[in-house]
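Me: I have a model open and want to go through how it is put together. Can we take it piece by piece?

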Amino acid sequence: NQDRLALPVGTTLDRFIMRKQEDFPYATGELSQLLRDIALAAKIVNREINRSGLIDITGAYGQQNVQGEEQQKLDVIANIRFIRALRNGGEVCTVISEEDEDMIQTGKNQGKYVVAIDPLDGSSNIDVNVSIGTIFSIYRRQSAIGQEGTQEDCLQKGVHQVAAGYVIYGSSTMLVYTTGNGVNGFTYEASLGEFFLSHPNITTPPSGNIYSINEGSANSFPEGVKQFVQYCKDSSFSARYIGSLVADFHRNLLKGGIYIYPATAKNTNGKLRLMYECNALAFIVEQAGGKASNGQKRLMEIEPTSLHQRCPLYIGSTELVDKAESFLSPEP
Ligand code: AHM
Ligand code: MG
């Protein structure tokens, strides 16, 4: 019933999650709790990010770090915060994170879910006050409950995601997520400590005139990518590239456009990570009516083989991704 699903702008995230759960009579509430855990950690990380410019002068303005401990880098802090929230929540048995080489066992072996997360993406922008983000994917474990999650639980295709989302720490902080029933965006109101529904049922324009790619590497782009970039120029598109995947993706999602991180000489399989960067955004863009591919095939159908594997990314408005693919040679 569509009417029941439509909730008004201004609904808090907690209420939204609760109401969505009511639409599934057999839901146990565990996924809802997991999403709330992530939102809570996002608030904490947001607070740390907002203070980050002050970190080196905290002594000077009178605030001491409680434990007197050395300040750690923000991406490390974000990793600690998200892992702690996921561990305490109890719904997740295993986590894979950009910050950790191996799988992280939470010790909560009753947890039904596995999470893949990039706790703070856009590392080159952290120190210069430019938008950064968190990206997450949630999968249902395949192994039996009661033991640690396995590598197979972690290496599922993107099509098996049960939910995915991102947090953008930008001019506003927003959380955008999908559980496979459309995409909704929530904006954070810091003085109230709440995320409010601000972007209900996000759909991405079928086409657009923004292209986002690091043209500094143009000399080593595949021939088809060079041709597509030339097509964008011939069409007088706008070039926009922040260098924070979440921020570049979010802008293009709302305005229409394409983001590309192709294979290059330096990164022969692209730079971005399949499990905690590409798949989550692919799920979101498809739910918003857009498209994600590795240049040859649907990104969410790639069979993963390792936790940190990389993958070329072509993502955004369907017509533009189709156009880019038309310049590339088909899979051998
Ligand atoms: P990171 O995980 O080290 O932060 O790198 C990922 C970031 C993305 O946010 C961004 O889209 C990309 O790297 C930019 O890479 P480049 O500087 O090569 O254009
Ligand atoms: Mg990253």
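This is a predicted model: local features need pLDDT of at least 70, side-chain atom pairs count only at pLDDT 80 or more; totals for chains, interfaces and linings use all residues.

Me: Which strands does helix α9 lie across?
Reply: Helix α9, residues 318–327, lies across β11 (258–261), β12 and β13 (313–316). It runs at about 150 degrees to β13. Helices (H or I, at least four residues) and strands (E, at least two) are DSSP runs, numbered from the N terminus. Axes are lines fitted to C-alpha atoms, for helices over the stretch in contact, with angles from 0 to 180 degrees between N-to-C directions. Two residues are in contact if their C-beta atoms, placed from the backbone, lie within 7 Å.

Me: What is the strand order in the open sheet of 5 strands?
Reply: The order is β10-β9-β11-β13-β12, and the pairing is mixed. Two strands pair if DSSP finds at least two bridges between them.

Me: And which strands stand at the edges?
Reply: β10 (238–239) and β12 (291–293). Each has a single partner strand, so one side of each has no neighbour in the sheet.

Me: In which sense do β9 and β10 pair, parallel or antiparallel?
Reply: Parallel, over 2 bridges, with β9 covering residues 210–212. Y211 has A239 of β10 as its bridge partner.

Me: Back to α9. How does α6 sit against α9?
Reply: The axes of α6 (residues 223–234) and α9 come within 8 Å and cross at roughly 135 degrees. Angles under 35 degrees count as roughly parallel, over 145 as roughly antiparallel, 65 to 115 as roughly perpendicular, and the rest as oblique.

Me: Which residues make that contact of α6 and α9?
Reply: G224, Q227, F228 and Y231 of α6, with K323, A324 and F327 of α9. They divide into 4 nonpolar, 2 polar and 1 charged. Here Ala, Val, Leu, Ile, Met, Phe, Trp, Tyr, Cys and Pro count as nonpolar, Asp, Glu, Lys and Arg as charged, and the others, Gly among them, as polar.

Me: Next, the other sheet. What is the order of its 8 strands?
Reply: This open sheet runs β2-β1-β3-β4-β5-β6-β7-β8, with mixed pairing. β2 (104–105) and β8 (194–199) stand at its edges, each with a single partner strand.

Me: How many bridges join β6 to β7?
Reply: There are 5, and the two strands, residues 173–178 and 183–189, run antiparallel. One pair of bridge partners is T178 and V183, the latter in β7.

Me: Which strands does α3 lie across?
Reply: β1 (92–97), β3 (113–121), β4 (132–140), β5 (161–169), β6, β7 and β8. α3 runs at about 15 degrees to β5.

Me: How do the axes of α3 and α4 meet?
Reply: Helix α3 (residues 30–50) and helix α4 (residues 74–89) have axes that come within 9 Å and cross at roughly 155 degrees. They are therefore roughly antiparallel. The residues of their contact divide into 13 nonpolar, 2 polar and 3 charged.

Me: And α2 with α3?
Reply: The axes of α2 (residues 13–22) and α3 come within 10 Å and cross at roughly 165 degrees. These two helices are roughly antiparallel as well. L13, D14, I17, M18 and Q21 of α2 meet S32, L35, R36 and A39 of α3.

Me: Last one: what surrounds ligand 1?
Reply: E98, D121, G122, S123, S124, N214, G243, S244, L245, D248 and K271. A residue counts as near a molecule if its C-beta atom, placed from the backbone, lies within 6 Å of it. This shell divides into 1 nonpolar, 6 polar and 4 charged residues.

Definitions and conventions:
Residues are numbered from 1 along each chain as its sequence is written. Chains are lettered from A and ligands numbered from 1 in the order in which they are written.
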